[in-house]
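Hello,

Please find the structure below, as promised. My notes on it follow.

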Amino acid sequence: MQRRVALGHRIADLRRQAELSQEQLGHLAGIDRRSIQRYESAVRDPQYSDLLLIAHALRVHVTDLLHG
C-alpha cells in the first residue's frame with residue numbers, strides 16, 4: 001500500500017509540474033480522468049500499459065514514475 005501511495009504522489013506531482021489537470025492528463029494519455037484520480041489517490045494500482053501512457057503524456061520515462 002505504501003508503494004501505491006508513493007506512486008500516486010509521483011503521478012500527481014509530475015502532473016502538477018506539467019501544469020495539467022487530471023482531465024487533461026487523462027485526455028493526453030487516453031485514460032479516463034477517474035482512473036487518473038484513482039491512481040493518484042492510491043485507490044487502484046495502474047496497469048503497466050497505463051503507466052507507459054501516463055509517462056508518455058507527461059514526457060517522462062516510466063522509471064521516473066516508479067522511482068521518484
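Helix 1 passes helix 4 in a left-handed crossing, a term used if the near helix is turned anticlockwise from the far one by less than a right angle (right-handed if clockwise). Helices here are DSSP runs of H or I with at least four residues, numbered from the N terminus.

This is a predicted model, in which local features need pLDDT of at least 70 and side-chain atom pairs count only at pLDDT 80 or more, while totals for chains, interfaces and linings use all residues. Residues are numbered from 1 along each chain as its sequence is written, and side-chain values use heavy atoms, with hydrogens and water left out.

The angle between helix 1 and helix 4 (residues 48–58) is about 25 degrees, and their axes lie 10 Å apart. The axes are lines fitted to C-alpha atoms over the stretch in contact, with angles from 0 to 180 degrees between N-to-C directions. Helix 1 is therefore roughly parallel to helix 4, the word for angles under 35 degrees.

From helix 1, Leu-7, Ile-11, Leu-14 and Arg-15 meet Leu-51, Ile-54 and Leu-58 of helix 4; contact means heavy atoms within 4.5 Å. Of the residues in this contact, six are nonpolar, none is polar and one is charged. Leu and Ile are among those that count as nonpolar, and Arg is among the charged.

Arg-15 belongs to helix 1 (residues 2–17) and is buried, at 8% relative accessible area. Buried means under 20%, exposed over 50% and partly exposed in between, with a 1.4 Å probe and protein chains only. The side chain of Arg-15 reaches the backbone oxygen of Leu-20 at 2.9 Å. Beyond its neighbours within four places in sequence, Arg-15 is in contact with residues including Gln-22, Glu-40 and Leu-58.

Glu-40 sits in helix 3 and is buried too, with a relative accessible area of 10%. Not counting residues up to four places away in sequence, Glu-40 touches Gly-8, His-9, Ile-11, Ala-12, Arg-15 and Gln-22.

Which residues other than glycine have a positive phi? Ala-42 has a phi near 65 degrees, and Arg-59 has one of about 60 degrees. Most residues other than glycine have a negative phi. Ala-42 is found in the loop between helix 3 (33–40) and helix 4, and Arg-59 in the loop between helix 4 and helix 5 (62–66). Ala-42 is buried, with a relative accessible area of 5%, whereas Arg-59 is exposed, at 81%.

Regards

Key:
Helix = DSSP H or I, 4+ residues; strand = E, 2+ residues; numbered from the N terminus. Polar contact = N/O pair within 3.5 Å; in protein donor to acceptor, adjacent residues only side chain to side chain. Parallel < 35°, antiparallel > 145°, perpendicular 65-115°, else oblique.
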